[in-house]
Amino acid sequence: MGAKMKPAMIMLLLVIGVGTATAEDKFETGNDFLSICNPDANDTQVMEGPMAGLIFCSAYLKGYLGALDVTREITRVKAKVDKTEFRWVACVKTGVTPVQLVRIVRKYMEGHPSELHQDVRGLILLALEDAFP
């Protein structure tokens, strides 16, 4: 990652970190994501019913994408002002549903079990980069 992308990545993690504070006690690592974002799980501490985790995770990812959009726009404007090249990390296609995003992120995490102890926000970004280069 080039030196020009580092400020954008820092801004992204800050914006996403602020936007996800309410889920922080339940949702910190990839392991948390996989255990909560599973329609077969029955974790009544999060919400009632087996689909509750999927609904929670869909909403979480929708908020994540909102923060990603804001960060992308800030980065684009900064690149224009600085007269530098604008390159973004992941471009999620129009029409992709929150449930699809949960499946995409789960698939990435299940394929990278050695990374599951890491921060969920970074793993989600890696999953999106992988799915939407």
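## A loop, a helix and a core

K83 lies in the loop between α3 and α4, where helices are DSSP runs of H or I with at least four residues, numbered from the N terminus. This is a predicted model, in which local features need pLDDT of at least 70 and side-chain atom pairs count only at pLDDT 80 or more, while totals for chains, interfaces and linings use all residues. Residues are numbered from 1 along each chain as its sequence is written, and side-chain values use heavy atoms, with hydrogens and water left out.

Let's stay with K83 for a moment. Its phi is positive, about 55 degrees, although K83 is not a glycine. Most residues other than glycine have a negative phi. Is K83 buried or exposed? K83 counts as exposed, at 77% relative accessibility. Here, exposed means over 50% relative accessible area, buried under 20%, and partly exposed in between, using a 1.4 Å probe and protein chains only.

Now for a residue in helix α3, S58. S58 is buried, and leaving aside neighbours within four places in sequence, S58 is in contact (heavy atoms within 4.5 Å) with P98, V99 and V102.

| Residue | Relative accessibility | State |
|---|---|---|
| K83 | 77% | exposed |
| S58 | 9% | buried |

How do the two helices meet? α3 and α4 pack at an angle of about 95 degrees, with their axes 8 Å apart. The axes are lines fitted to C-alpha atoms, for helices over the stretch in contact, and angles run from 0 to 180 degrees between N-to-C directions. That makes α3 roughly perpendicular to α4, a label for angles of 65 to 115 degrees. On the α3 side, the contact includes L54, C57 and S58, and on the α4 side P98, V99 and L101 are among the residues involved.

Next, look along α4 itself. L101, V102, V105, R106, Y108 and M109 are buried there. Seen down the axis of α4, these buried residues fall within an arc of 160 degrees, so they line one face of the helix; the arc is that of the directions from the helix axis to the C-beta atoms. On the other side, R103, K107 and G111 are exposed. The buried residues of α4 pack against α2, α3 and α5.

Finally, meet the largest nonpolar core, which has 28 residues. Such a core is a set of buried Ala, Val, Leu, Ile, Met, Phe, Trp, Tyr and Cys residues joined through side-chain atoms within 4.5 Å. F27, F33, L61, M109, I124 and L128 touch the most other members. α3 gives the most to this core, with seven residues.

Methods: Angles under 35 degrees count as roughly parallel, over 145 as roughly antiparallel, 65 to 115 as roughly perpendicular and the rest as oblique.
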